[in-house]
Each structure stands twice: as structure tokens, then as C-alpha cells.
Amino acid sequence: MKKIILFFMSFLTISYLAYSQELSYYLPDSVTYNTAIPTPESVLGHKVGEWHATHDKLVNYMQVLAKSSDRIKYEPMGKTYEARQQLVLIITSPKNQANLEQIRQQHLDLSNPAKSASMNVDNLPLVVWMGYTIHGNEPSGVNAAILAAYYLAAAQGKQIDDLLENTVIVLDPCLNPDGMNRFATWANMHKSKNLVTDPQSREFSEVWPGGRYNHYWFDMNRDWLPAQHIESQNRLKKFHEWRPNILTDHHEMGTNSTFFFQPGVPSRTNPLTPAKNQELTTKIGNYHANFLDRIGSLYFTKENFDDFYYGKGSTYPDIHGAIGILFEQGSSRGHAQESINGVVTFPFTIRNQFTTSLSSLEAGKNLRKELLNYQKEFYQSAIQMANTSPIKGYVFGDKNDKAKTYHFLEMVERHQIEIYELKGKLTIDNQEFESGSAYVIPANQPQHRLITTIFQKETKFKDSLFYDVSAWTMPLAFGLPYGEMKTLNSTMLGNKVNKAMLPTGEVVGGKSEYAYAFEWDEYYAPKVLLAAQSAGLITKVSTEPFEISTANGATKFDYGTILIPARNQAKSTEEIYQLLKKQAETNGLKVYAVKTGLVLNGTDLGSSNFAVLEKPRVATVVGNGVNPMDAGEIWHLTDQRFDMPLSQLDVNSFNAANLERYNTLVLVSGNYSAINKDKIKTWVQNGGTLVLLETAIQWATANGLMGVTYKKAKTKADSTAAMPYASMDNIVGAQEIGGSIFQAKVDLTHPLMYGYNSPYMSFFKANNIFMQKNTNPYSSPAQYTNSPLQSGYISKDNVDMIRNAAVVNVNTVGRGKIVSIDNNPNFRAFWYSGTKLLLNSMFFGKVIDAGSAR
């Protein structure tokens, strides 16, 4: 460390050593290093920080280290969407390695109050999870992980021996392999022999969508709680195998920033997190300060960032009796870049991340007993909280949509929460639940706090600013009926759910020579319809309810029922039966064989009330100006869940595209100034369906595509009262809707609402767009209620704006339709409630009566 202090006096002066990337620039000189352990350069082929390590090189080096050191165990976790290996290194002393499973089981007992009361932690190792680069274009983390792995494998002496004897380190070198590799390629392909530090140089301006995101352009640091992506699911499984005491989460921020470590803004800590957590975070922070002081790096704390949303990597551990620590390093975004603090070099950013990796380990070693006892007490207090809470459990389930219920069960299971089938029947808040379709989660279990945050609705907060969303009530997100149970006893609990299973569907009545019908309620009904359409079958949708005889007797079918005739098709009756049988079984649907076109009630099957459907041919616009996360959510939904091909038209080539190939065009939030608005308008007039989400509505309105009007704030009297300059950010920021949940009343007879059963829906809104209802009374099928806030923060002024505002407006333009949705109905892939609305706009846009939307 003396060598570093001599050469690096302050952050403002970058020494030549910063460009040389020698190991001595990074590593402490207080220990010796085992020469039998391969250095990074000997395997990567370059010095750390000289080039951006690609993911294949990273994996190779981790494997080489594991083979070279008896301190390291290499464990694959799974693969990403792009088939890259997710891995962790389990690093501890050779003695601990020999007893690793026993140590793991003992450590898990800390989170089991039935076993932990008598536990003595004096000789129990601490578990530290070190996680790097969940945002792929924040590369100092993953390159620091290479150094951390080398240091822990090669360092020698009492200092490292004591650390490894008392610590099990789970080193996750790259939390987002696909995004990381994308960015590394970009940075390397633009590197000059003579480093260019000009911020305007192309090296520092990635092409859209950039390397931050995973394959489907999702921010993986928002997915720890919803866990909708394979990378998160793989990681959570490993997380719960160890339940760490400390989890480090290494990020980057703007180049003109310095270095941040937690704690964050005190008033923005989630109230379910015990005060002791922040106490310990502060203690650990003192170690970071000390280590960074030694190398002269500037830093800050208790600003900008918070610990509120449990879906982030630094906050998810907090709801598990651990200390999550966010690190944010001012980024070089390449190899070296000018900043207000001087030239920020890639090696410098790596060194700060590596230094705080060591400070985290030092803090963990010295605070070991306190951290272990804190985790033990955290879970014991959870049981005490459950015993005193008036809520004894939660019941949930949708008898009309068992697939959606299955996905909710799947999500909850990933967090090690106990679930039971409901035995018998239960009515809560006029909602009926019954065995076979409903489930119970008892509150009295170790994960009580996590269960609470999954189900609770919160509208009161200490602070009006949030780094991320302010609400995430999961049953509302999934659109599931649920209720709080004030009493719960064993007679209400059926079998424990060990593994959720998607129900197997069937063709009721076997093969039909006449027709098949299935309702639109089930989540995967669109997937079955699309499979039939892709096979060339004529398909229809019922615009009126009807009742008809089936093998189950008189059967009622609602608006949106799909009808597939068995005759006059491109396939034989046997082929149609086999196709529908396979699709029904795979997707959990009941498809009914119909033997006659004569109904018991309603309109006969040959009526014009059964509208012929056109197979969706969907395109989105992507590229510069378009929100990549919103665009990625559409891509993920259509591709991963519904096997629907989606054309992604780049803004730069859109004006030359042949739009006649598509019947539906979706524009997510973004700036579309580069595309030809007249081309889109002509396409809509010729019969296309244009779906606008969030700010795309404003673009379309401003460019005359349709006439949506917006609610205006009530005029207030002028005020000459002076306001403190320092309060501006808080006052202005409080007027933003950062992410809250609102209730809307919906028209279940409208084609956009087919498949829904409740006249009320929950929408997630993270914008300040407030549409007036259209003047045509039939063209606003969803509107916010008079008191719409269900969970989250909203300012008093915005309460007036959102009250009774339109959620969805439909406008007829020529022979086509424009559907405007003021929110993101597919938010982060866990807003299952909005899936039907979005897909209905693709499948049923042409079904909407033109006169209802003029």
C-alpha cells in the first residue's frame, strides 16, 4: 500500500502507473503471492485494465484458478439466454472446503428460528457474496472480480489465512454475462493505441441498446424479487443455498462522479428493514472509507441512492437478514475519459472496486459474530412480528386463470416461502376462494417480512422521492384475487406445495366434426389461438356471450370466446383435433368440442357476432430515442411466452420499410422524431392497428395522428413566497410519479378487455400523462376510479389529475385504429395483469367497431 500512496496522491492527479496496469498498481503489498497461481495476464493474454475482459476469457480464468488452488471450488449456476455460463467461485480455507456442506447447512440454520436459538456462532464462518457488473456496461466490477479471485487464491500469510478460515466467499464475477460481453466488445473495438480521452469520441457512446441490459434489454438489477429472467432464477437458487451475511453489488455511475458506498439516503430505507441493518451498514462503511483514504480516492455516502425497493441487488439481501452494499464508481466508459476530476482511467475504476472488495472482506472478518447474530435475530424477530400481526396469512388464486396463478406460485417459491393448498371454501371482501384453485401463505414463517412486502399495499412514506419504484404489490401485478386472513388454522390448509405445476389442459368431449371453442380467460389462450392461426386455420371470436351444449352439459361462454370450425379448413378434422389437443394440454386450457351450431342462449355459431380473426403480424420500432427496456419487454413477452414472431424496425431504416407486411405496430415510450409520421398515418388509414404506450401517445398527438386531449392542472393563485434553493430537487421531484399502482374501472364487453372477469384492474403507472376520456362514450374502455391509488406514492396535485382520467382510449383513423394506453401494461415482465390488454390490441384491433371510436 505504501507504493500506491507514493504514486497516487489524489484523485485529481492520474499517475503514469494508472496506465501501466501492473498488478502492483492494484494489489496490497502487505502479503506475498504464491507464484504457482496463474496471474490474470498469463491466462487472459493481457494485463488487467489494458483491455476489457470478455466473458469467455473470464470463465476460462475462473476455471484455471479453481484447478490451481485448493481454496477454490468452481460451481456453474446455469446459462443465460445467449447460452453463456453463469458461475460462482466458492472460496475459503482448504479445511473449510473439506467441510463445506456441513458449514453451509449450519449457516442455513441461522435463518431457521426453530434451530437457531441454541446456536453458538463463535466458530461459524461468515458468508460473503461478492457480485459484480449486473449492468453490462459497468465493467470495472467484473474486471475487479478477476483481481479479487486472484488475490484470494494467491495471497499468502496470516492475514489471508485468518480471513479464509473465518469466511466463505461466494464470488459471482459477472451477474450479466450477455450485456457485459456486448459492452466489452464495443469498448475493445474502439480502443486506440494512444488512448483517446475526449468524451465526444465514439468509444464513449455505445450504439442502442447498449451493454447495460440482458439479452432482452431488461435491467437485471430490478429483477431480484420478480425473478422473471433465467439469470435471476439461476442466481436466486444459489443465493438461497447460502443466505449470505454480506452481499456486495458493484456498479458504475456518471464519469463526473467519484465513488459511492452505502448507507444511502436514511429516510428512504424500507421500513421492513430493521434499524440494525443500517447500523451495521454504517460500521462496514467505515472500512470502505479507511481503505479508500489509503489510496487517495474521493467518495460520498448517504446521498442519491436508497434501500427501498427489494428487487435490487443491494436491497434484496436486507430482507434476508444480510447487509446489502451498493458500490457506484464514476465510470471511464471505455479505457480513459476526461472528467471534471481529471482523466478517469479504466485501471483506476477497477482499483477502487477491488479496494472496496477487500474492505468488505475485512469488515466481515472483524464484525463476523455481530453479523451472524444479526441474521439469527432477524429471523427470530420475524416470527415475533408474525405473532403480533393481525394478518395471519394470505389467500389467493384465480379459478378462471390457473396459468397466471401458477406463475405467481412459481415466483413465490423461488424465495423459499411455504405455500399450501386451500382446504374448503373461504370468502374475504366478497371474493370467493375454493380448493383446487386457491392457495394459502401463512404469515407465521421465517420469511414473514418478505411475504409482507410481496402482499402489502403502502401509501404513506417518510420521503416523497424514490430511486426506483414506490410500489410492487405482487398479487395486483399478477391480477390475482387475494385476501388478508385474520384467522388461520390447520383446518384451512391442504397439502403443502412442494413444486408448482402448470395444470394440464384437455379437449373436453374429444374429437369434433363440427367446431371447437375455448374461453379467453386463461393466460395462454392467445398462444393456442396463434398456434391455430399459424397452422392456417380460420379462427373467430365471439363478440357476444352464448350458451351451448358440450360434453359437460349446458356450458356458458363469455365475450372473447374463440371458435375454430372443424370443416372447410386447410387441415383435416383429425389434424385439427391433434393440434388443439397438444396445445390445450401444454398450455393448461380447456378446449370444448362442439357438436352443433345451435346454441341454448345467445347467438348461433354461424352468426356475424363471431368475427373472423386475422393472424397478428406485429412490428415495433427500436433504436435511438426508444426506451430499450420498454421495447425489450414487448420482445420478451411475444418471444418467450407466446411464441409470436416480432419484427423490430430500426428508426434509422423505418422510413424505407414496407409496412404492408404488418397489421399491428407498437410504439413504446420514446422519441420518434426521425420517423415519417405521414407514412404511419397512411398505414393506419389503410387498416392498420397502431398501439401507443406512455410517451408515444404524446408524440402521436403532437404530430396529428389522432386527437387525444390531456387533463390540465387546476389553476392556482400566483405565489410570491420565496422557496429555499436547496429544496428545489425535492419539491420538483415529488411531483413525478416514479412507479405506483392505480385502480381502474374497465368495460368487460369491449374487445380490448376480453378475457378479464373483474370490472376493476390494477395498472402500474410511472409517468405524468393524464388523458381525458374520448368524447365517444364507447371508446375509453378503461378509466381510473375516483380514488385510484392502491399502493405507492403520488402527490396531492397528481391525485386530482389522475382521478377519472382515461387509461385506454381508442380512435378510429380511416379503416384503422389507434389504441392509446397511458402506462406500460407489461412492466418488467411481472405485470401479468396487463398482458391480455396488450395482446388483445394485437389480436382484436380490427374487431373493434369503427363507430365506437370515432
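User: What counts as a helix here, and where is Ile160 placed?

Analyst: A helix is a DSSP run of H or I with at least four residues. In this predicted model, Ile160 belongs to helix α10, which covers residues 158-165.

User: Is Ile160 buried or exposed?

Analyst: Buried means under 20% relative accessible area. Ile160 has 1% relative accessibility and therefore counts as buried. Leaving aside residues up to four places away in sequence, Ile160 touches Arg71, Tyr151, Leu152 and Ala155.

User: How is the packing of two helices described?

Analyst: Two packed helices are described by the angle between their axes and the distance between those axes. Here, helix α9 (residues 140-154) packs with helix α14 (residues 346-366) at an angle of about 50 degrees, and their axes are 8 Å apart. That angle makes α9 oblique to α14. The crossing of α9 past α14 is right-handed.

User: Which residues meet between α9 and α14?

Analyst: Among them, α9 contributes Leu147, Tyr151 and Leu152, while α14 contributes residues including Phe346, Ile350 and Phe354. The contact of α9 with α14 comprises 10 nonpolar, 5 polar and no charged residues.

User: In what order do the strands of the open sheet lie?

Analyst: The 7 strands follow the order β2-β3-β6-β4-β7-β9-β8, with mixed pairing. At the edges, β2 (72-79) and β8 (259-261) each pair on one side only. Within the sheet, β7 (residues 246-253) and β9 (residues 323-330) run parallel and are joined by 8 bridges.

User: Which strands does α14 lie across?

Analyst: Helix α14 lies across β4, β6, β7, β8 and β9, running at about 165 degrees to β7. Helix α15 (residues 368-388) lies across β4, β7 and β9, at about 90 degrees to β4.

Key
Residues are numbered from 1 along each chain as its sequence is written. This is a predicted model: local features need pLDDT of at least 70, side-chain atom pairs count only at pLDDT 80 or more; totals for chains, interfaces and linings use all residues. Side-chain values use heavy atoms; hydrogens and water are left out. Helices (H or I, at least four residues) and strands (E, at least two) are DSSP runs, numbered from the N terminus. Buried means under 20% relative accessible area, exposed over 50%, partly exposed in between (1.4 Å probe, protein chains only). Contact means heavy atoms within 4.5 Å. Axes are lines fitted to C-alpha atoms, for helices over the stretch in contact, and angles run from 0 to 180 degrees between N-to-C directions. Angles under 35 degrees count as roughly parallel, over 145 as roughly antiparallel, 65 to 115 as roughly perpendicular and the rest as oblique. A crossing is left-handed if the near helix is turned anticlockwise from the far one by less than a right angle, and right-handed if clockwise. Ala, Val, Leu, Ile, Met, Phe, Trp, Tyr, Cys and Pro count as nonpolar, Asp, Glu, Lys and Arg as charged, and the others, Gly among them, as polar. Two strands pair if DSSP finds at least two bridges between them.
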